Amino acid sequence: MASLSAKENTMLAILGILSIGPHTGYDIKQHMEDSTQYFWKENYGQIYPGLAELLKNKDVAVQIQRQDGKPDKKIYSITEQGKQHLKDWLSQPMEHMVMLKKNELLLKVFFGSNTSSDIIIGHIQDHKKKLEEALRIFLGLEEWLLKQEPDDPNIKYWLITNDYGKKQFSSLIQWCDDSISLLNKSM
C-alpha cells in the first residue's frame, strides 16, 4: 500500500480526535498533547488547514458558538461520512515503520571510537534521563486511564497504546544501561 501524504495523515489524526467528541482547533491540539504526543503530533499550522479541508470534503461539520467580547468559537464534529472515512482508513493495511531513518545519538555512538568513551557515555546518560521522564508520563497516564469510566469503549485501546509506549521506553532505558555498562568495561 502506498503511504499517505502528510496532509492526509493530519486529516485522519483530526478525524480520530473528533471521533472522541466535538473539539475546537485549539482543543484538538491540546488533546494531542495530552494523549498522542509521543507517537503523533500536529501543530496549529497543520490542524487548521486540515480542518478546512475536512469541512470542504464534508467529513466534519462546524458549529459557531458566539462569545461575549471574544471571537466566535468554531466547534468541529465528525460527520457520518467522516466516521466512514476514518473506519475505511483503520481497516486498510499499513506501511510499517520500524525505526526512524535518522537518529543522532546512534550516529554518535556508531562513530564513538573517534572520541573518548566518557563523552559517548555522557550522551547515553542524557538520553536515558529523557527516556525516564517520558516513561514517568506513560506511568502517570496509565494511572489516570485506570481511574476513568471502565465502560468507555476507548479505554482498552488507550491502555494498549500506552502500554506500547511504556514497553518501548523501558526497553530503551535498558539499552542505555547495557551500553553504559559495556563502555565502562572497555575503559
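In this predicted model, 27% of the chain's 187 residues count as buried. The chain holds 7 helices and 2 strands, and these follow one another along the sequence in the pattern α-α-α-β-β-α-α-α-α.

**Overall dimensions**

- The radius of gyration of the chain is 21 Å, whereas a compact globule of 187 residues would have one near 16 Å.
- Along the principal axes, the C-alpha atoms of the chain fill a box of roughly 65 × 40 × 40 Å.
- When contacts between residues at least 6 apart in sequence are considered, 55% of them join residues at least 24 apart.

**Helices H6 and H7**

- Two packed helices are described by the angle between their axes and the distance between the axes.
- For helix H6, which spans residues 117-146, and helix H7, which spans residues 155-185, the angle is about 160 degrees and the axes are 9 Å apart.
- An angle over 145 degrees counts as roughly antiparallel, and H6 and H7 are therefore roughly antiparallel to each other.
- The crossing in which H6 passes H7 is left-handed.
- The residues of the contact of H6 with H7 comprise 21 nonpolar, 8 polar and 5 charged ones.
- Lysine 128 is part of helix H6.
- With a relative accessible area of 19%, lysine 128 is buried, because buried means under 20%.
- Apart from its neighbours within four places in sequence, lysine 128 is in contact with Ile173, Cys176 and Asp177.

**Helices H1 and H4**

- Helix H1 (residues 6-20) packs with helix H4 (residues 80-91) at an angle of about 115 degrees, and their axes lie 10 Å apart.
- H1 and H4 cross in a left-handed manner.
- On the H1 side the contact is made by Leu12, Leu15, Gly16 and Ser19, and on the H4 side by Gly82, His85, Leu86 and Trp89.
- By class, the residues of this contact between H1 and H4 are 4 nonpolar and 4 polar, with no charged residue.
- Glutamate 8 belongs to helix H1, and its relative accessible area of 36% makes it partly exposed.
- Between glutamate 8 and leucine 54 there are 46 residues of separation in sequence and 9.9 Å in space, C-alpha to C-alpha.

**Helices H2 and H3**

- Helix H2, covering residues 25-35, and helix H3, covering residues 44-56, pack at an angle of about 130 degrees with their axes 10 Å apart.
- H2 and H3 are therefore oblique to each other.
- H2 passes H3 in a crossing that is right-handed.
- H2 contributes Gly25, Tyr26, Ile28, Lys29 and Gln30 to the contact, while H3 contributes Tyr44, Ile47, Tyr48 and Leu51.
- The residues of the contact of H2 with H3 fall into 6 nonpolar, 2 polar and 1 charged.
- Histidine 31 is located in helix H2 and counts as partly exposed, at 21% relative accessibility.
- Histidine 31 touches Ile17, Ile20, His23 and Thr36, when residues up to four places away in sequence are not counted.
- Of these, isoleucine 17 is 14 residues from histidine 31 in sequence, and the two are 7.5 Å apart in space, C-alpha to C-alpha.

**Loop residues**

- The loop between H1 and H2 contains glycine 21, which counts as buried at 15% relative accessibility.
- Glycine 21 and lysine 7 are separated by 14 residues in sequence and by 22 Å in space, C-alpha to C-alpha.
- The loop between H3 and strand S1 (60-65) contains lysine 58.
- Although lysine 58 is not a glycine, it has a positive phi of about 65 degrees.
- Lysine 58 counts as exposed, at 57% relative accessibility, because exposed means over 50%.

Conventions:
Residues are numbered from 1 along each chain as its sequence is written. This is a predicted model: local features need pLDDT of at least 70, side-chain atom pairs count only at pLDDT 80 or more; totals for chains, interfaces and linings use all residues. Side-chain values use heavy atoms; hydrogens and water are left out. Axes are lines fitted to C-alpha atoms, for helices over the stretch in contact, and angles run from 0 to 180 degrees between N-to-C directions. Helices (H or I, at least four residues) and strands (E, at least two) are DSSP runs, numbered from the N terminus. Angles under 35 degrees count as roughly parallel, over 145 as roughly antiparallel, 65 to 115 as roughly perpendicular and the rest as oblique. A crossing is left-handed if the near helix is turned anticlockwise from the far one by less than a right angle, and right-handed if clockwise. Ala, Val, Leu, Ile, Met, Phe, Trp, Tyr, Cys and Pro count as nonpolar, Asp, Glu, Lys and Arg as charged, and the others, Gly among them, as polar. Contact means heavy atoms within 4.5 Å. The radius of gyration is taken over C-alpha atoms; the globule rule is 2.2 Å times the number of residues to the power 0.38. Buried means under 20% relative accessible area, exposed over 50%, partly exposed in between (1.4 Å probe, protein chains only).
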